[in-house]
Amino acid sequence: MAQQVDLDTFAAEARAFLDANARRRSGPGAFRWGEGSDYVGFFGDPNADDEADVAAARAWQRTRYDHGFGWITGPTRYAGRELSSLHDVTYDLIEAEYDVPDTEVLSVIGLGMVGPTILTHGTDELRDRYLPAMYRGDVVACQLFSEPGAGSDLAAVATRAVRDGDEWVVNGQKVWTSSAQHAQIGELLCRTDPEAPKHKGITAFVLDMSLPGVTVRPLRQMTGGAEFNEVFLDDVRIPDSHRLGEVNGGWRVAVTTLMNERSTVAADSGGAAVEAISPARLHALMEHTGHAADPVARQELAGLAVDVLAARALTGRAVRRLQAGSAPGPEGSIAKLRFAANLTRAAHFAADLLGDQVTADSGEWGTFSWNQLLLAAPALRILGGTEEIMKNILAERVLGLPKEPSR
């Protein structure tokens, strides 16, 4: 039976842990032009030491886990605390005040989506084997859903899995797989009954990425980085013990993952990109480029600052709803849309201020570095559910508007 901990006690415990293991950040008002890194981007810095960052993320996750903060809402069987989502949010807000390694390579897909799916649909064998290792930082997980020919229709997956005794032989290709180059396991969707209606002929598996026949190839982005990959599966043999859910019941498994994806992507994250919508940083850029007195630029910055504050107020409202015992509402989907819109708007505002300095690297601090966020902006409207799909969901399921006519 999990121990019940009130929020004030939990918050004090979290601060004591962080004070002992991390350095508190300076406040946002401490930003100084020309000091520290000038990187501004949503994806990882292509010039950074990727392997070192992953190692740091794993080490910090292990520290969290060893002190009871690795899986706050998880079962005690896997060293979780079985506390509420509000405790989880409270910890995230407190940790944001400290300078700690970025654990996105672990947390967004693996701990935010794949872990909860294994907990819901996996056997005891799969749970015992992978959940402690994932939440301790030993295992990185990726999501093997998207395919070159499936477009935005996930149910159209064509990667085939054919049963052969106690194994499944898998052939196909996945694409846009984040962190596959670091992953030890992946959540894999395959077509197991090509004669069934497309939603009913899919089965989900946990794939050991080290199996023979698994090939990971990086996809270079226009930002210069390669966070995404294509994954080829050639006669890969997966034991049936690594199946998630029922045979041909993979759509239900996928829906569990996607529901967790919505809440994960909607979180106010983004690393250095969050600094991009800081009024202090943008105002410093205005001063540097000689636009501090420009009334048009000042009005644009004021409007962006208001939108950022409104988005944060929406997040605060969601937290208060959880605190009051209400079920999560549509705030997550709205927050995801606004987060992407605000980052995109900040990137274009910075580009207008910088002119050709955003496309030509002169080596001057705080200028060309905005190129990374500008190039990443289109992806922000696609990842975690495209902008069009998210708006349709809100229109139909929240506002009760009629569905679009079938073509």
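Colleague: Let's start with Phe17. Is Phe17 buried or exposed?

Modeller: Keep in mind that this is a predicted model. Phe17 is buried, at a relative accessible area of 5%.

Colleague: How many aromatic pairs does a search of the whole structure find?

Modeller: The search turns up 10 aromatic pairs. Take Phe17 and Trp60. Their ring centres are 5.7 Å apart and the planes are at 25 degrees, so the pair is stacked.

Colleague: And which parts does that pair tie together?

Modeller: Phe17 is in helix α1, residues 7-21, and Trp60 is in helix α2, residues 50-66. The pair therefore ties together parts 43 residues apart in sequence.

Colleague: Is Trp60 buried or exposed?

Modeller: Trp60 counts as buried, with 6% relative accessibility.

Colleague: What about Phe17 and Phe69? How far apart are the centres of their rings?

Modeller: The centres are 5.0 Å apart. With the planes at 20 degrees, under the 30-degree cut-off, this pair is stacked. Phe69 is in the loop between α2 and α3 (85-95), so here the pair with Phe17 of helix α1 ties together parts that are 52 residues apart in sequence. Phe17 and Phe69 are both buried.

Colleague: Which residues do the ring pairs link into a cluster?

Modeller: Phe10, Phe17, Trp60, Phe69 and Tyr91.

Colleague: What sits over the ring of Phe69?

Modeller: The charged end of Arg81, 5.6 Å from the ring centre. There is also Arg217, which lies over the face of Phe232 at 4.5 Å from the ring centre.

Colleague: That loop between α2 and α3 again. Where does Ala79 lie?

Modeller: Ala79 is in that loop, between α2 and α3. Its phi is positive, near 65 degrees, and the residue is not a glycine. Ala79 is partly exposed, with a relative accessible area of 31%.

Colleague: What's the phi of Ser179?

Modeller: Ser179 has a positive phi of about 65 degrees, and it isn't a glycine. Ser179 belongs to the loop between β5 (167-174) and β6.

Colleague: Buried or exposed, Ser179?

Modeller: Buried, with a relative accessible area of 14%. Setting aside neighbours within four places in sequence, Ser179 is in contact with Val105, Cys142, Glu227 and Asn229.

Colleague: New topic, helix α5. How many residues does α5 have?

Modeller: Helix α5 covers residues 124-135, which is 12 residues. From first C-alpha to last, α5 reaches 16 Å, close to the 16 Å expected at 1.5 Å a residue.

Colleague: Which residues of α5 are buried?

Modeller: Leu126, Arg127, Tyr130, Leu131, Pro132, Ala133, Met134 and Tyr135.

Colleague: What covers those buried residues of α5?

Modeller: The cover includes the helices α2 and α4 (104-121). It also includes the strands β3 (141-144), β6 (185-191), β7 (202-208) and β10 (243-244).

Colleague: And Glu125, where is that?

Modeller: Glu125 is in helix α5 too. Glu125 is partly exposed, at a relative accessible area of 47%.

Colleague: What comes just after α5?

Modeller: Gly137, with a positive phi of about 90 degrees.

Colleague: Now the core. How many residues does the largest nonpolar core have?

Modeller: It has 49 residues. Ile118, Met134 and Leu207 have the most contacts inside this core. Helix α4 gives the largest share, seven residues. At least three residues come from each of domain 1 (7-102) and domain 2 (142-253).

Colleague: How many residues are in the second, separate core?

Modeller: That core has 29 residues, including Leu285, Met286, Leu353 and Val358.

Colleague: Then helix α8. Which residues are buried there?

Modeller: In α8, residues 279-288, the buried ones are Arg281, Leu282, Ala284, Leu285 and Met286.

Colleague: Which residue with a positive phi follows α8?

Modeller: Gly290, and its phi is near 80 degrees.

Definitions and conventions: Residues numbered from 1 in each chain as written. Predicted model: local features only at pLDDT ≥ 70, side-chain atom pairs only at ≥ 80, totals over all residues. Heavy atoms only, no water. Phe/Tyr/Trp six-rings, centres within 6.5 Å; stacked < 30°, edge-to-face > 60°. Helix = DSSP H or I, 4+ residues; strand = E, 2+ residues; numbered from the N terminus. Buried < 20%, exposed > 50% of the residue type's maximum accessible area, 1.4 Å probe, protein only. Lys NZ or Arg CZ within 6 Å of the ring centre and 35° of its normal. Expected span 1.5 Å × (residues − 1). Contact = heavy atoms within 4.5 Å. Core = buried A, V, L, I, M, F, W, Y, C linked by side-chain atoms within 4.5 Å. Domains from an automatic or database assignment.
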